[in-house]
Amino acid sequence: MAAASSVRIARRRARGLFEIFVAEVPWTVSSKELKEYFSQFGSVQRCQLPFDKDTGFHRRYGWIKFSTPEDVQNVFQKDTHILEGAKLTLKQQLHRRRGQRKNPSE
């Protein structure tokens, strides 16, 4: 029982290590196209572009989840990522628990 619990904890901790945040995604790019683009760097598990309920368009940002940390490294080895003429902004997504802050002074 304890082994299963420690496996779950390890998975939760590693969850954000294989994920990147993507901003400045052009309106015309679909999640399928975004996934196809990032597939050249490694195995994409999930591509999520949140939509605005009022407009029906995506919010121009999203998350790409890869299978391994090496896939994420491959993405960041390329200086610029351009889709349909727009330069994407990328950040490695590191999850923190709700309420957890970077430092105590925040």
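A: Happy to! Two residues are in contact here when they have heavy atoms within 4.5 Å of each other. The model is predicted, so to speak of a local feature takes pLDDT of at least 70 and to count a side-chain atom pair takes pLDDT 80 or more, while totals for chains, interfaces and linings use all residues. Residues are numbered from 1 along each chain as its sequence is written, and side-chain values rest on heavy atoms, with hydrogens and water left out.

Let's start with L34: leaving out residues up to four places away in sequence, L34 touches V29, C47, L49, I64, L83 and L88. Buried means under 20% relative accessible area, exposed means over 50%, and partly exposed lies in between (1.4 Å probe, protein chains only). This core has 19 residues, and those touching the most other members are I20, V22, L34, F38, I64, F66 and L88. At least two core residues come from each of β1, α2, β2, β3 and α3, and α2 gives the largest share, three residues. The helices (H or I, at least four residues) and strands (E, at least two) are DSSP runs, numbered from the N terminus. F38 has a relative accessible area of 0% and is buried. In soluble globular proteins, nonpolar side chains tend to be buried together.

Now to α3, which spans residues 69–77. Its buried residues are D71, V72 and V75. They fall within an arc of 100° seen down the helix axis, so they line one face of α3; the arc is taken from the directions from the axis to the C-beta atoms. Among the elements covering these buried residues are β1, α2, β3 and β6 (89–92).

Though buried, D71 has no salt bridge, meaning a side-chain nitrogen of Lys or Arg within 4 Å of a carboxyl oxygen of Asp or Glu. The nearest side chain of opposite charge, K65, is 12 Å away; Lys and Arg count as positive, Asp and Glu as negative, and His and the chain ends are not counted. Setting aside neighbours within four places in sequence, D71 is in contact with F41, G42, S43 and F66. F66, as noted, is one of the core residues that touch the most other members.

Methods:
Core = buried A, V, L, I, M, F, W, Y, C linked by side-chain atoms within 4.5 Å.
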